[in-house]
Each structure stands twice: as C-alpha cells, then as structure tokens.
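Q: Please take a close look at how the chains pair up here. One interface in detail will do, with its counterpart for comparison.

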Number of protein chains: 4
Amino acid sequence: MREVAARRVLAVFCLAMYCLASPVAWAAVDAPIAIYNATIIDGTGRQPLPNGVVVISGGRVQAVGPVTDIKLPKGTVKIDATGEYVIPGLMDANVHLLIDIEAENLIRYEGRYDDLIIEAAQLALKHGVTTVFDTWGPREPLVRVRKRINSGEVVGARIFLAGNIIGLGGPFSSDFLPPTGLSQVLVDRINHEWEQDVGADLLWKTSEEVRQRVHDYLAGGELDFVKYASSGHRNEQFIVFSPEAQRAIVEEGHAKGLRVLGHSTSVESLRLEIEAGVDVMQHCDITGTEPIPPATLKVIVDRRIACAAMFHTQKHVDWEMTHSGSGDSARKSEVWRQNDRALLAAGAVVLRTTDSGVWGADTASNPIFLPLKNIPDRSNQLATAEQLWMQSAQELGMAPMDMLLAASRNIAAAYGKLDEIGTLEVGKRADLVILNADPLGDYRHYQDIRAVIKDGRIVNTDHLPATTILSGTKPTEP
Amino acid sequence: MREVAARRVLAVFCLAMYCLASPVAWAAVDAPIAIYNATIIDGTGRQPLPNGVVVISGGRVQAVGPVTDIKLPKGTVKIDATGEYVIPGLMDANVHLLIDIEAENLIRYEGRYDDLIIEAAQLALKHGVTTVFDTWGPREPLVRVRKRINSGEVVGARIFLAGNIIGLGGPFSSDFLPPTGLSQVLVDRINHEWEQDVGADLLWKTSEEVRQRVHDYLAGGELDFVKYASSGHRNEQFIVFSPEAQRAIVEEGHAKGLRVLGHSTSVESLRLEIEAGVDVMQHCDITGTEPIPPATLKVIVDRRIACAAMFHTQKHVDWEMTHSGSGDSARKSEVWRQNDRALLAAGAVVLRTTDSGVWGADTASNPIFLPLKNIPDRSNQLATAEQLWMQSAQELGMAPMDMLLAASRNIAAAYGKLDEIGTLEVGKRADLVILNADPLGDYRHYQDIRAVIKDGRIVNTDHLPATTILSGTKPTEP
Amino acid sequence: MREVAARRVLAVFCLAMYCLASPVAWAAVDAPIAIYNATIIDGTGRQPLPNGVVVISGGRVQAVGPVTDIKLPKGTVKIDATGEYVIPGLMDANVHLLIDIEAENLIRYEGRYDDLIIEAAQLALKHGVTTVFDTWGPREPLVRVRKRINSGEVVGARIFLAGNIIGLGGPFSSDFLPPTGLSQVLVDRINHEWEQDVGADLLWKTSEEVRQRVHDYLAGGELDFVKYASSGHRNEQFIVFSPEAQRAIVEEGHAKGLRVLGHSTSVESLRLEIEAGVDVMQHCDITGTEPIPPATLKVIVDRRIACAAMFHTQKHVDWEMTHSGSGDSARKSEVWRQNDRALLAAGAVVLRTTDSGVWGADTASNPIFLPLKNIPDRSNQLATAEQLWMQSAQELGMAPMDMLLAASRNIAAAYGKLDEIGTLEVGKRADLVILNADPLGDYRHYQDIRAVIKDGRIVNTDHLPATTILSGTKPTEP
Amino acid sequence: MREVAARRVLAVFCLAMYCLASPVAWAAVDAPIAIYNATIIDGTGRQPLPNGVVVISGGRVQAVGPVTDIKLPKGTVKIDATGEYVIPGLMDANVHLLIDIEAENLIRYEGRYDDLIIEAAQLALKHGVTTVFDTWGPREPLVRVRKRINSGEVVGARIFLAGNIIGLGGPFSSDFLPPTGLSQVLVDRINHEWEQDVGADLLWKTSEEVRQRVHDYLAGGELDFVKYASSGHRNEQFIVFSPEAQRAIVEEGHAKGLRVLGHSTSVESLRLEIEAGVDVMQHCDITGTEPIPPATLKVIVDRRIACAAMFHTQKHVDWEMTHSGSGDSARKSEVWRQNDRALLAAGAVVLRTTDSGVWGADTASNPIFLPLKNIPDRSNQLATAEQLWMQSAQELGMAPMDMLLAASRNIAAAYGKLDEIGTLEVGKRADLVILNADPLGDYRHYQDIRAVIKDGRIVNTDHLPATTILSGTKPTEP
C-alpha cells in the first residue's frame, strides 16, 4: 500500500518535472528536494537511520538526519520514501567504458568512440552506479565525454579516467587482441588512441626515460589518476617495469596530485608495486599459482592500500577449478579464492572492481570468445558484473555494510575523491540511490531501484541509454 | 601546331559546355557532335581511316566515314581532331569494382558499398574504359549503381554484372580472405552480400537442386551475365561442380538469354566448363602445372569460345619463375606463359581481363599482402592493370589491331553486347576515346587520352572520381 | 559345467601344442582339427546349425555339418565346443593399420612402420578379425608385412591393401594433418611413403595422364585393390577427379583384375563414382547436408554396389546433432543417420567399416584432437570401433544375421575374395572364431571369444600383440 | 720448403702414433712433446715469442720459452713448427651443443642426445675450440658427455655447462619453438630435459621460493656455472625476475663457488643483473632500441664484468638495418652496433660468444627459418659462427691481441677457470692450437690449423666428428 503510494507520488513528481519527455533523460529541479521517511544508509559505516530525510539543493546534500530533526526549506519538493532505503551513489573501481575492442567495433565506430562511451556511462548510471573509474581506454574520447557529462550537456555516470595502462599496448597489440588481416596503418592508428606514447615501447627505456615520458603524458592535466603495469597483461607472469621505473611512475603521478594504480598478476609484481608506492592495487587477488605471501598481506593491511578485488561467485570458481584445461589453471583459481578469503579475513580495504563495460550483441558469435562460452557467472557486462560481485561478496561472508562501503566510500577514498563523493554527508555531491528494499538484507536489493539521483538531479533511467549502439537489441557479452 | 589548335578548340568547347564546372562531371550536349580530321580506328578490324569523321547525336553514332563523304547536320558542334585517333570505348572483361575486400574496408564501409563502386566505375571511365564487366561483387549495390549510371544520375563506366561466382563463398569465406577475430554474425552478413544463396553450400547439392537455386537466383532479372566456378578459388585444383551441375547452370543462364562464364584453373575444369557450354572462359590461360592440352585448345579455337586471358609482362613472369618459393609455382608460371603463346598462335579469341578494381592507400601496409610486395609489374589496380595487360600483349607479339579488338569488340561480342557497343558503327552507342597518339603504334598511347566520350557525352575526366574514398590520397595496392 | 569342460579341453590342447610358449604366438597343428558340438553359423546366410562340426586340415575347411553326418579322419584333434558358436573369421572393410599419423609417431618410428603395422594386424586378429582391408597406408611397409604374415613368419590378420587413396596427399599434406615446424625435406619424404606418385598433384592432370600414372602405379602388382578420391578429404564437398579421370582409374583397376573403391562425401561425388563403376563405396552414407537422392539409392540397390557404411550409435549421433558447433554440422549428422536408415530399408549391400587402427597412449594429450574429447561412442581404435559398429547396427534394427554377413561374407564378396574366405564352406581357408555365446542374440557376444583360428591354426591371442609399441601401456585414441 | 718439411715431420709423427688408425680419433703420447721453432703467442697478452718452444708432458705445459733457453727432457718427441704459430686452445663463451631443437630432431633422437652433443663437441675441437661453455642445454646428457670426454673415453672439446637458463621453459615452450600437432605428454617430457624444475613456473614464485628451487637445482653439484634470465627470451623486453629473486639466484650460485651469467636484452634487465652481481653478461650488447646508458657502461668497465658480446659483420648489420621489416628492427640493429663500438672504446672485458651449435642438413628447408634465409653472414653453425665473430671483431677495429684474448684468456677468467686453462703457461692444461699463419695478422689464419692439442694430446681432427648425425651429409643451418 505504501509502495503504491510512493510510486504515485514519484509519478506525479516526474510528470511535473517532465521526466518522460526530457530529451536529456533527466529532470532538472531547481527547488530543494527532500527524500523523507526513508531508511538512510549514509555510507560512512554508521548504522542505518530509520525515518530519515535527505535534503538536496544546488546539487549537494544540504542535510541528512531523522525526519524529526530536519527542518525543510520553503518550497521543498518532497518525495515520500516510506519503506525505502537511501544509499550513496554506487561506484565501480575498474570499468572500461569502451571495452568491446573487437576489430569490427573499433573499425566501424572509429571517430564515434564518444558515443560508445556515453552509452556505457548511461548504462552504469541507469543501474545506480553514479561514478565509474575508467582504468584503460582511449584518452581523448574519454576526456571529451567526461567534460560533456560534467557540464550537464550529457547525462551519465561521473567519469574519472586513467587513459592508458602505462607500459601496455593498445587494443590491437599483442597485449590484448592482436588482429590478423588488418593494415598496419589502421592497427597503429587505433592502438595510438589508447597508447598515447606511454605504450609498450617504454619497456625498452631506462627508468629516467620512463619518468620523462610519464611526466609529459601527465603534463596536460587531463587524467584523474594514473595506472601502470607491474605485470604483463597477456604475459601475466612477467614484470613490466624495474622497481626504479615503477617508483618513477608513482612519483610522477603523486607529484601531479594523482592517485596511482598498479596492474599486477603475480606475487612479485604485487610486491614491487607496493614497494613503489601505489595507492590502489588492481586485482590484487590475482597472483597466479602462488597465494599472496603473509608478509605482503601484512603490508597491504597495515598501510591500508586499496585492494580492487575481482570477486567471483562460488559457482564460477568451482567451474574454473574443475573445467579449466590444465592443472595450472585450476591452481590459479584456487589461489585466487584463497587470496579473497585471506584479504577479507585480514581486514584489507576492498574495492568493488569488475573490469566491465558494454559488449555488443554480435560478440557472442565471435569465435575468439568461444572458450568463455560455458563459464557460469562470468560477466564483463556493466550492471550484471557489478551484481555478480555483490553476490560473490555475500557468498564470501563479507558483512553487508562492508559490501556497501566497498562499492562506494572505499572507492572514493582510494581515488582521493572522498571530499566530494562516496557518502551521504552534508556538503557532498548529491549522488544517491533510492532502493525499494534493504540492501543490507540481500545483495539483490541493490537492483531493486526506485530512483537514481546524481548531482541532485533525478535520473530518468527509463530513457537510458539515450542512444543504443552496442547494447541495442540484445546485449550479450563474451 | 595542329595539336595546340586542337586543344584550344576542345578547351573552348568545354568551357561552353561547362565541363569544368559540371557537378556530374561531364558535359551534356544536345546538339550533334562531329569529331573530324581524326584517324578513325572503328574496332571492326578494318584498317584505320585517315581524315575521318564521327558524327554523334542522341547518344549514338550517326555517321562514320571520310571527312569528304560525310555531310554534317545543321548545328553540329565540331571538334577538330587533326592528328588524333578515335577508337571505340575500351572495355575490361573482368573487373571487381569492389575488390578491396580487406576486413577494415568491408566493415567501415558497410552500407556504403555503392560509393566504393561508383568511385571504381569513375576511375575506369577516366582512363577510357567505358564499359566494365564485373564478374564478382555484391549484387545489390552493383545493381543500384548500374541503374544510377544508366539513368545518367551518376557518371561512370557502363556496368554489366554477374553478382556472385556461383559455387563460391563471400569475401570472408575460406574461398577468399577468411578473417579472424570477427563475429560470425558479421561474417555471415557480409558474405551474404556476395553469395546471395548461390554460394559454397551449393557444392553439397544435386545438379537438380543447383539448377533450381540458379533458376531462382536469375529470376529477378537483375544480372547481365552468369558466372560459376568450375575450379575452386583457393583450392584451385579441385572441381566445384559435376558436369551435370555445370550444364544445369549454363542452361539456366542461356534460358534467360544470358552469356555464361566459367572460372577454371586446371586443364580438367577448363575442359568441363567447355563441355558444359560456357561462352567465356575466365583466365583460360591458368591451368596449373599442365598446359592446355591440344584437344582442348582445338575446341576453344574451333568454337571460338572467348578466352579472358590474364597476360603478364615478361618481367613479371621471369620473376615468378625464379623467385616463387617452390618448383611447383615456377612450373605454373611457365605453363601460364606457354598457354598464352599457344592461344595467340592458334588464333583464339582473346579478351583483355585484369581482375582489377580500386585498392585503398592502407592496403600496402597489410601483412596479408606482404608476399606480393616485391613482385614486379603486378597490379590489380584499375587503369594500371589494363595498361600492363596491353604491354604484356605487345611483348607477346600480338598484332596491334588484335590488342585493340581484345579490349573492345571481342569483349562486347563475347558478352552478347555487340549490337550496342564494341565498335564505332552507325547506330551504336557513342562510346569512344580520342587519343593524342596512334594506339597501334605503341600500347602506351592508350593512356595519352585527349577525351573520353560515353553515350555521346564528353566526360569531364578531370573531375573523376567525384568522391575519393579508397583512391583518395595515395592509391596503392597489394 | 560344459563351459568349464570345454575350457579344460582347450587348455590341454593348447599345452600340447605349446600355445603359451610359442614365440610366434600361435600353435602349429599338422593334424586335422575338429570343432564339434558347436552351433555353426557358416556366414552364408543359412540358419545356424546346432550340434555341428567343422573339420579343418591343411589350413582349409574340410567339412562342415551335423556331428552325426561328419566322419572325422584318423588322428583328428577334437575340440569340444558344446554350447559354443562357430562363425567365419570377422572382417573390417576399412582399416588403416598405420593410422596414428601424429608427427611424433611418424618421425620417431620412421623406418619402423612395419612394426606398427604388425602390432595393428595382431590386435585385429586378437579380437577375431582375421582379415582387414587397409584402404590408406604406406605401401611398401604394408606390402612387406603382408608378405611376412602370409608366409607365416609373423602372425596377424590377413591384409589386403590399397596403398594410397589416389588423388590425395600423404599424412603431412593439407589433406590430413599438415604440420608446422618440420623441415620440408622430412615432410616430403614422409608424404611420399603414402603418395607413391599418385598423390594430389594428379588433380592438375588430364584424364589420360591420370590413367597413365595409375597404370604405372598398379604395374608392380603389389596392390590388392584400388582406392581413389571422388570427394576431397578435408575439402570434402569438392570433386577431386572429373568423370573421365574417374573412369580411367576404374578401368585401370579392373584391367588388373582389382576391385575399385571410391571415397565420397557428397551426393554428387557419390553419383560420379557410381557412374565411373566403383565396386565399393567408402562411407557411402556420408553425403554432407543432402541425403542420398532416391535415384542414386535405386542404382546402389539395383546394381548391388557394396556400401561401406560408417554406422554410429544413437548416443553418438544425438550428441553430434545437439553439440556440434554449427547448424551445418547438426544437419550433416542428421543426414548421415537418415542415409543409414534408408540404405538398410532399401536392402543395400552393407559392409562393416570403421576407419580404425591403433592409436598410441599419448594421443589423448594432443591438442589437435581436443575437439573430439567429449564425443561419446567415438572410436577409431581397432576392436573398440568394430564393436561400436555392431552396437550401432543392432540399434538401427539390422537383422542379426545381416550384421554377421556385413562383417564377413559381404566384405569378402565386395573385394572379390569370396572364393577363399568369408564363409565356413568346404575348401575355403579355415578362418573362424569360436564364441562362448550366441552372436545373433546380442552384438556383445562377438567379443566373448573362446578361440580365433586363422588358416587352420589356433591363434594364441594372449600373446598378441607380440610387441607393444603404440598399444603398449594405456592405449588411447583421439 | 719449411712448411713441407714440417708437414712431413708431423706425418711421420702421426703415422708413428697411429693417428689415422686411431678409433678414438687422437693420438695418445706418453712421451713429452716439444713444439719448437714456433712463434708462441701465450695468451697472457705478452708479445709473441719468436723461435719459442712449448714442452708438454702429463697433459700439462711443462715449459714455454725461447728455444735457446729451454732444455728438453730425454725422450722428447719433437715437432718442428718453424714458421708456425702456437696459441692457447680457443674457446667459445656461449654455445649450445644441442642447438638444433627442431621438433623432428628432438623426437627422432630422443634418448640419443648424448650422441648429438658428442658430435658438436668434436666439431668444435676439430676447429681449434678446445673448451666450450654450454649455456643452455639438456642437463643430464650434457653431464654424461662431459664425464666421458673428461675421462678420455670420448674425444671432444672440454665442456662446462649451465643446464637450463633459470626462468625459461624448454625447447618446445613458448620461450623457444612452441610446436603444433604434438602430444602434451611428449612436449612436457622434452621440455623437462631442459627445464629441470627451474623453468618458467619460477616466474610465479616469491624470491624465497626461487632461492630454494635454485638451491635444490645446484645441490647435485653437476653444474659448472649458473645462468638465469633477467630478460625474457621471446618477450625480450620483459623482466623475468625481480631484483630480489635475481640476487637470490646469484647468491646461491656464488655460495656453491660458481660463476653466474645473466641473460638480458634491454637496458633495464642489463642493469638489474649487474646490480644482482652477475659475473658474465650474455649478449650485453643487445639492449633493444636503447643503447647501454653511460652509467651502466661505466659500471661494466669499472667492475670488469665480462661482456659476452654478439659481434656481427658490417655486411650483416647493414642488411639488418635496411631490410628488417619495421623501423624498430632497424633501430635495434643500429643500437646493437653502437653498443659494440662503445664497449670496445670503453675497454670493456669482451668474450667471444656465438650461440652456435650443429644444425642438420634438413634445417634449411624448414619454413620456420624462412625469414632468416637471405640474411648475410648469419650463422649459428659451430666453427663458421666463431670465424664470423673474429671477422666482425677485426672489422670493428679490435686489436688482434685483444681478439685472441677474447677467445681464450678472458673467457677462462670470466668463468673462473684461468688456473687450469686459457693461456700457455707452465702448469696449465696443455690445450693449444698450432697455426700455419699468424693469427694476429688476419683473423682468417685462425682456421689455417696445422694441429690441435688438448690435454697434451694431438687431436686427429681428420677423424672428427667420429660419427656424423646432423653434420653428416651437407651441414646447413637456419
């Protein structure tokens, strides 16, 4: 009964605000908004506040507290959220808004990567992910889209971007999907969109040369954070940069006031990036055939270095352990799981990370992805992947509140954005999600979304993505 | 002195006709045109007529003869061609207007194949090739472009088309350039543009089923001639269709009043297509490691079946004989040359055929073409390839007049179009080329073009191609 | 009770004959042998004869009939076969005694192919297959082994051999398993062992040249029958030889008094080989995506051309129909099954054919066979494959007596060897199997073998194979 | 005249000693030998001594000096070397006695690797190379052959061996020539011959685990020195081991009293191995696209770390610079040359190193080596490669005496063997070469060999290799 009422109010509100008609897919509201009677989980780690109210104005949180304590400004638009839950806008510590790097996409949409990125940013937002951290992508299109979203011209999740993974080649390089049958001119041009002069040729350089290149790369000020490869990508057991070069990269990033991420996939590359001083360890739980050594784990926990962990469901892990071709693969899956348990048991700072993006409908028929076909609970599709992460965390016994923090506050903090986003606190950007059911009760409730609000505006999620390109008809994935 | 005068007249004429300004790249002239004082080589095989005149009106040849014999209609625009040579519009018995089937082109330009075809048809026309026979291409785009050219909406060489080579797969099939890394959905869709339900799956069928499929394929009436595979394309020593199936295809083509071409690459597949009754044998001079047997040669000559011969320069052949990896390849080159000499010696009906089209600038950097890199005088680039054919013919000792006929009358006759085109005779379409020097003196003069006239209209060759896509910046080729 | 007695008698007999000690793995018996009190199924199609006796002497059957009718010669060794069944020696119409053509085998055992062939011939014999028809193998080693077996020097199944499949390349050619990383010198040398100058280069030749080559190939008189390719092997939808060339091959074979087999995999290649006059059609039931046309089926039945049919169990067929990657593959499996039913319904002459041989223990770990890994009831392993064929036939509803004939008399007749082998009739070679249970009751009983007798000698099956090379430790297969 | 006399004396001597008849391919001489009237270049760097004498007894040098100063023991066999030159036995700092790791060799000769190694050791000795350092090979066969040579049972160059390059996989791994079409069982077995549990899986380990594995690997005491990978082999720009792991390896080697070699191919991996404390840097002159930085060069020179340098002739380098496919390859060749010049100019300790071994006759026809086909002065063939190195050194302007030291004393010193070999000094092993012409005059004279003496015995080089397997008929190479 209450729910029906609530929906009606929202519907009235939306009609008033022209939600449905809005070409920019959301409602601009100048008046303050108050979401009241909700249970508020503010993302600080504090207990949920029943019968709370959040007041939003000027794109920011103006007040949070018990309904009884907060006085609403005049002219406030009131949204009755009785029986509902308000949480901070969700985040993903590791997406690739342009992830579908199949040759046919990169060729067909060359010159239109902005559109693909917008589509992905809108899909994220539609599912309550108000902020994404793009950790590998084409710098210039991402910068353009970030600007258009921040200016309000285009609706979409807030984007923070790293551009290239320093030391790795572009999508058509041997580090990713080396193609056949394409001209070198094309291959080089597409790769350059990602590499931006900090690609694999850096591996030949001295640490001083690496430092200079990274310095130049960061000079433009376009990047929100820095990511580099400590391990190889396809040659995942190799070390990419010497300790000296790694330190040079980290120092250059820090000198620009940026957080620095390392990409590692072995115990030694993990250790090296920690010693180099990274702030976030991408997939710190992937260490090949050897689990994270106790000494390394201790440093991770003591220094509270953020672990972007690639959780998987037990069903997925079981499959990998039993079906993967070789003993080595099974061993790696086992170690991976072991690391996840160890990180949680030790109280490491964990971030939700999914490596996801939008995959087109044709992908499923691409033979290069055939080996992935029967793997259960495997997804790099935005929204799906994030929910699988939550399911996995729940299966791993993570506390519900920790799960929420891993998908919001911890990420903001790790990337140095906690002043602005990550919790529902006065003065911060008003990014929040209203859920119809308690997210601390079951991870599934994270997708029982009543409304998404970003920068204080209610997102017209029904209209997202505004233009469907890859996600169009029948979104699939490898 | 005379030449200078002639050029001046043409310039004046062109200005009057808005040649240079014409957006459709040619001049529409309603008044009769007379090209006078030229040496006329009418393409019938008759001796050149000095001081001749050709009168054009209504798109057709109204008169041909000695200046002294022909009386010009009133209001005739006169073009002084003193010292120049008038020949019929040239032809190519075997082009692929969309030949650059590299994955990146077929993906990037999907939906725009018409534009690529127009560009190629305009490049052909620019070089005096007023009619091309497209023997393998995407049917629907070709049909659309043919219609637009024939209606006068678009300028370009006159197109006759076969669509698919019956029995072969599309560009992304194992018969041509099987790609890697593309989705099956895409591969199937692109292949279908060519295959049109008469692709490689016909090899599984009975001859009656093949007959039915070909019948259906021809039912639409869109095709100008029929082509089928007697040999495989990549499996060039295999036989594609049984004799019964071959006969069924030929009969279906003939029943629709169409000429039928066979694609063969061995002595047996050549013999089978002859016995099936083909009208034109594509690259009849390619028979692998065995030369055309005397008995087969006799039938070819006796029945005057048209031989579309792939001549190459001696330099090219020498290279192949000495540089090709294996003894087999050298042997094939030797046999090829031997066939060419034998066909000429026996007086076979020879057609100029080049397998050419337009290759884009990036092609040269495509590793799949690396093995072709150093081969001299190798070209599938329109215009270049046709001149190389002429050079080769001259090197082979072909009579100059026979070379001209091979590039005009013989082709028209072989394809059943001699009523309308192929020679400069009264009543035929006014397709002709005015050359500055005697083509019977040296093959190079075929490219010393003063003017190209198609359907009685002077082509503004400077404006062709109107839009440059592949041929744009720096046309190259594999 | 009776069984125990019978075994005791045999044991006594064997001891007397030095079975177990025999280095040549069988017992030489000069005295006549009488197997009495058995049910005799003589392989002529007649009803089983209870309480029968078979008398063997001089390597041949001297008498067959009711115990009560036959008078035993003096000195006859008597074998009590009460409750047991005597059938003709079994056959396989299509084996490859050297089938494991993985690079590592052909390289490691180069110069020792004879040993591999002997091992396979002994494994066949051990399982009651007294005669095999090797339809593709290295001619010289096969000829040598045949000679050694026929001379009695080596024990093994009787071998009839074709050498190469005319028109196909050797094991390292693109028709079979083209290797990488091997020197061309090696590749050519190994291929030549199979090709013997009637390989794939014949496809370039005229039918007269093909005839001459085949003539020369047969001139040595070493071959027992002739096999040629009507379809390609990997390019299975292509036609290898023109009808004229096919007729030339058949005529040359027949001129030498040899039966001729065709290899076909499509409806048209099947039809062509029939029209060329083949005596046996290898895997006539494999016709790709189109079932055998009624007209073709009628000819097969009317002319009683032998169908070497590749039956599979229903479980296998079901798997293929549901698990094979593409629609085409499923369609082919369906057509295959449909053909098998049609051939049986029409009363075609069917031969048991298995394409089997001996695969080594390491094969299972060869990645090239990975796609075959999970296919049920798939076997090219000698003995296993033959039993699967029997199981399949029973599932298809074939009459028990017809199954026996398909594995004995029909094969002998098809290959023109019925005068000597194929049934238990007076004067024929004494090749027979004593079974402990009724083979007409269930196909499994074919492997409930009490004794195998070849050329009148009791085979010491426990000692076979005498030397284990591939079948050694843990015989596997792809 | 003198030369003729000398030859005659040797011939007499040899006859007396049964050189030609000796089945062990050399002459056992118990009496002291004196080589007199020779110019002696003792390999210490001292000026050549004219009219000198070397006295050998008990396998060691008993005296070296002017003829006039040395008193010969009684019963000394005298060899007149008037006009000839005596130098220390030559060395190669980097060979692979079993280098021809083509699949066909490793399969065919499995179980006979000892024979291949003996053949190579004999070929080296035949050409004056009395000592080789095998830096990557199958440990157990090498250990066996070393033992047989040292015991005198087999003649051959003195072998010092490292076994595997720690961190790299075996010949069939992705680090070398990953095969297709072979069973995994075989691949694993062959790889294990090289890897010996210190293969590529070490890359997953912590430095402590690496240390333990190396400790275990060295525990058997079979190895003469240690080699590990600082760079990858095919992934040559990657770093294999962290600095900590590299140090652990070096420490373990040193703890066993062994010299340690690093394999590096980039400026950073070179620096890392230097910092880890390696004694010899394999191909220190290969650093990809960046030349050795000045700071690194300074350390190399100051610490006198041995540079095993891969010199090439100018013709070779020119070809690489102009013909290699990409700009990167040309750049690498240029840098390589630049490094060689810099090392020489700076006075680095240079060792002759060739990466050579014996390649079989069929190799030249192996398609995997096709890209190498036209490269001039490219050789990994024993003897040829060593002479090319000398030619290259001469072209680079290296002083003749330094060239000799690079091929003798420097190598012995770098590997810690100078007490026993490397120079012609009293008490050392009597390994020496008698040349017909002055090696300091021209590098070609190193192959103008009159006699090779190892351990005081005259080698019967005409009989080497005793058994020809790979080098048999027409030795070629990739």
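How far apart are the nearest C-alpha atoms of chain A and chain C? And how many residues does each side give to the contact of chain B with chain C?

A: This is a predicted model, in which local features need pLDDT of at least 70 and side-chain atom pairs count only at pLDDT 80 or more, while totals for chains, interfaces and linings use all residues. Residues are numbered from 1 along each chain as its sequence is written, chains are lettered from A and ligands numbered from 1 in the order in which they are written, and side-chain values use heavy atoms, with hydrogens and water left out.

Chain A and chain C do not touch; their nearest C-alpha atoms are 10 Å apart. Contact here means heavy atoms within 4.5 Å. Chain B and chain D make no contact either, and their closest C-alpha atoms also lie 10 Å apart.

Now the interface of chain B and chain C. Chain B brings 32 residues to the contact, and chain C brings 32 residues. About 2600 Å² is buried between them, and carbon and sulfur atoms give 59% of that area. Buried area is the accessible area (1.4 Å probe) that two parts lose on being put together, summed over both. Three residues stand out: B:W204, B:Q237 and B:F238 supply 31% of what chain B buries against chain C, more than any other three residues.

Next, symmetry. Chain B superposes on chain C by a rotation of 180 degrees, with 0.1 Å of shift along the axis and an RMSD of 0.1 Å. The two copies are thus related as by a two-fold rotation axis. In chain B, B:I239 has the C-alpha nearest that axis, 2.5 Å away.

A salt bridge is a side-chain nitrogen of Lys or Arg within 4 Å of a carboxyl oxygen of Asp or Glu. C:R271 and B:E244 form one, at 2.8 Å from N to O.

Which elements build the chain B side? Helix 6 (207-219), helix 7 (243-255), helix 8 (267-276) and helix 11 (327-346) each supply at least two residues of it. Helices are DSSP runs of H or I, at least four residues long, numbered from the N terminus. Helix 8 of chain B gives the largest share, 5 residues. By type, the chain B side divides into 11 nonpolar, 11 polar and 10 charged residues. Nonpolar covers Ala, Val, Leu, Ile, Met, Phe, Trp, Tyr, Cys and Pro; charged covers Asp, Glu, Lys and Arg; the others, Gly among them, are polar.

Last, the counterpart, chain D with chain A. 32 residues of chain D contact 32 residues of chain A. The area buried between chain D and chain A is about 2600 Å², with 59% from carbon and sulfur atoms. The count here is 4 salt bridges. A:K205 and D:E290 meet in a salt bridge at 2.6 Å, N to O. A rotation of 180 degrees with 0.0 Å of shift superposes chain D on chain A, at an RMSD of 0.0 Å. D:I239 has the C-alpha of chain D nearest this axis, 2.5 Å from it.

Technical notes
Least-squares fit on C-alpha atoms with pLDDT ≥ 70 in both.
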